[in-house]
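Work through the exercises below with the model open. Try each task before reading its solution.

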Amino acid sequence: WVSVDRLRVDEAYQRATDTPASKKIIVGMVRQWEWALCQPLVVSRRSDGELYVLDGQHRLAGAVGRGDVLHLPCVLLHGHDNAAEAAAFVALNTRRQKLSQADVFNGMLAAGDESSKAIEAMLRETGWRMRRSSATDRFEPGDLFCAPMLAKQLQIHGEVVVRNALTALREAYAETVV
């Protein structure tokens with residue numbers, strides 16, 4: 001646990017936090033801090049003892065903006081020069097696996113999200129199955145991989161329209177992989 005006032009950001013390789021997307025993230029954390037979402041920051045201890053954030057500058061900005069989060073969990077690295085820090089920054093921000101649509105859907109379903117439960121019920125009622133993998137070469141008739149799109153359509157068009165569309169598609173493509 002490191003005091004937020006000891007943590008620094010090297011602007012030579014870090015992303016800007018003044019973009020609309022970054023501001024939205026930071027404002028969200030300032031409004032409502034969620035410890036469950038605060039993974040440890042990756043921090044480099046330089047030879048002069050200064051601590052520089054390699055991964056987690058948005059979490060740091062959110063904590064500082066709140067004023068009541070005084071310490072953050074950190075993984076401290078030692079012996080990195082600026083070039084190694086920058087390389088670690090790039091690796092940390094490019095080697096992450098993005099959640100698939102099915103991962104998001106299953107997570108929201110397990111969290112008890114009402115929209116996800118409604119979609120699961122509609123899929124079951126209309127003869128569809130949600131695939132966990134996006135490998136379409138393994139799809140069978142009745143498999144889908146688009147739950148977040150269905151959630152959006154449910155918001156826009158309502159349950160009756162989405163249920164009717166799912167029913168019509170299932171009937172029209174009963175033996176076809178879609």
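## Exercise 1: Tyr52 in its strand

Tyr52 is found in strand β4. The model is a predicted one.

**Task.** Decide whether Tyr52 is buried or exposed, and list its contacts beyond four places in sequence.

**Solution.** 
1. Take the relative accessible area of Tyr52, which is 17%.
2. Buried means under 20%. Tyr52 is therefore buried.
3. Now leave aside the neighbours within four places in sequence. Tyr52 then contacts Arg8, Val9, Asp10, Tyr13, Val42, Val43, Ser44, Arg46 and Glu85.
4. Pick Val42 from that list. Val42 and Tyr52 are ten residues apart in sequence, and their C-alpha atoms lie 8.6 Å apart.

## Exercise 2: The nonpolar cores

**Task.** Find which residues have the most contacts inside the largest nonpolar core, and which elements each supply at least two residues of this core.

**Solution.** 
1. The largest nonpolar core has 15 residues.
2. Leu7, Trp33, Leu41, Val43, Leu60 and Leu72 have the most contacts within this core.
3. At least two of the core's residues come from each of β3 (41-45), β4 (51-55) and α2 (57-66).
4. Look at Leu41 in detail. Not counting residues up to four places away in sequence, Leu41 touches Leu7, Val53, Asp55, Gly56, Arg59, Leu60, Leu72, Pro73, Cys74 and Val75.
5. Another core, of 14 residues, lies apart from the largest one. Phe105, Ile119, Leu123 and Val162 are among its members.

## Exercise 3: The two sides of α6

**Task.** Work out which residues of α6 are buried, which are exposed on the other side, and what the buried ones pack against.

**Solution.** 
1. Helix α6 spans residues 147-157, and Ala147, Leu150 and Leu154 are buried there.
2. These three cover an arc of only 55° around the axis, so they sit on the same side of α6.
3. Gln155 and Ile156 are exposed on the other side of α6.
4. The packing partners of the buried residues are α4 (101-110), α5 (114-126), β7 (129-130), β8 (143-144) and α7 (159-172).
5. Finish at the residue just after α6. Gly158 takes a positive phi there, of about 90°.

## Exercise 4: Ser3

**Solution.** 
1. Set aside neighbours within four places in sequence. Ser3 is then in contact with Leu70 and His71.

Key
Residues are numbered from 1 along each chain as its sequence is written. This is a predicted model: local features need pLDDT of at least 70, side-chain atom pairs count only at pLDDT 80 or more; totals for chains, interfaces and linings use all residues. Side-chain values use heavy atoms; hydrogens and water are left out. Contact means heavy atoms within 4.5 Å. Buried means under 20% relative accessible area, exposed over 50%, partly exposed in between (1.4 Å probe, protein chains only). Helices (H or I, at least four residues) and strands (E, at least two) are DSSP runs, numbered from the N terminus. The arc is that of the directions from the helix axis to the C-beta atoms. A nonpolar core is a set of buried Ala, Val, Leu, Ile, Met, Phe, Trp, Tyr and Cys residues joined through side-chain atoms within 4.5 Å.
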